[in-house]
Amino acid sequence: MADINAVAKEFVTYYYQTFDSDRKGLLPLYRDVSMLTWEGTQVQGAPSIVEKIVSLPFQRIAHKVTTIDAQPSLPGTNSVIINVTGQLMFDDEPQPQQFTQTFQLVDHEGFFIFNDIFRLNYA
């Protein structure tokens with residue numbers, strides 16, 4: 001596997017740039033076996049996941065990544081777990097919200113998101 005931290009950084013940069021500019025553009029990153037847990041709500045399958053992401057109740061969003069941690073996962077496969085922390089700015093909200101998001105990427109004819117777990121962090 002390529003340098004795991006480089007893979008994680010490249011993925012995270014691409015994911016959040018796409019999320020912030022055109023959420024529908026995330027569709028190729030997921031597959032039918034992918035699962036998203038967004039604030040406790042589980043959704044499975046690429047079309048359903050992107051539908052959930054597109055339907056979130058904000059017009060504009062900006063992610064500011066604070067940390068990226070990565071580890072190999074699933075022995076015998078080319079896969080990685082990535083944990084991201086950061087801040088979100090929604091629409092015209094003056095205060096950023098803290099978030100944590102964890103991805104499991106699996107390489108099967110290119111990396112795809114197998115698992116995606118998102119939570120806002122409330123004080």
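Contact, as the word is used here, means heavy atoms within 4.5 Å. The structure is a predicted model, in which local features need pLDDT of at least 70 and side-chain atom pairs count only at pLDDT 80 or more, while totals for chains, interfaces and linings use all residues. Residues are numbered from 1 along each chain as its sequence is written, and side-chain values use heavy atoms, with hydrogens and water left out.

Phe 11 belongs to the largest nonpolar core, a set of 32 residues in which Phe 11, Tyr 15, Phe 19, Tyr 30, Ile 82 and Phe 103 touch the most other members. A nonpolar core is here a set of buried Ala, Val, Leu, Ile, Met, Phe, Trp, Tyr and Cys residues joined through side-chain atoms within 4.5 Å, where buried means under 20% relative accessible area, exposed over 50%, and partly exposed in between (1.4 Å probe, protein chains only). The elements that give two or more residues to this core are H1, E1, H2, E3, E4, E5 and E6, and H1 gives the most, with seven residues. These labels denote DSSP runs numbered from the N terminus, with helices (H or I) of at least four residues and strands (E) of at least two.

The strands form an open sheet of six, in the order E2-E1-E6-E5-E4-E3 and with mixed pairing; two strands pair if DSSP finds at least two bridges between them. The edge strands are E2 (41-44) and E3, each of which pairs on one side only, and the twist averages 15° from one strand to the next. Strands of a sheet pair through backbone hydrogen bonds, either parallel or antiparallel. E3 and E4 run antiparallel and are joined by 11 bridges; His 63, for instance, has Leu 88 in E4 as its bridge partner.

Helix H1 (residues 4-21) lies across E1 (30-38), E3, E4, E5 and E6 (111-121), and runs at about 155° to E3, whereas H2 lies across E1 and E2, running at about 35° to E1. For these angles, axes are lines fitted to C-alpha atoms, for helices over the stretch in contact, and values run from 0 to 180 degrees between N-to-C directions.

Within strand E5 (residues 97-107) is Gln 104, which counts as buried because its relative accessibility is 11%. Its side chain is joined to that of Ser 73 by a polar contact of 3.3 Å, a polar contact being a pair of N or O atoms within 3.5 Å in which, within protein, one must be able to donate a hydrogen and the other to accept it, and residues adjacent in sequence count only if both atoms are side-chain atoms. Ser 73 lies in the loop between E3 and E4 and is also buried, at 14% relative accessibility. Not counting residues up to four places away in sequence, Gln 104 touches residues including Leu 74, Phe 112 and Asn 115.

The structure holds one salt bridge (a side-chain nitrogen of Lys or Arg within 4 Å of a carboxyl oxygen of Asp or Glu). Arg 60 forms this salt bridge with Asp 92, the closest N and O atoms being 2.6 Å apart. Arg 60 lies in the loop between H2 (46-54) and E3 (61-72), and Asp 92 in the loop between E4 (79-90) and E5, so the pair ties together parts that are 32 residues apart in sequence. Arg 60 counts as partly exposed at 46% relative accessibility, whereas Asp 92 is exposed, with a relative accessible area of 67%.
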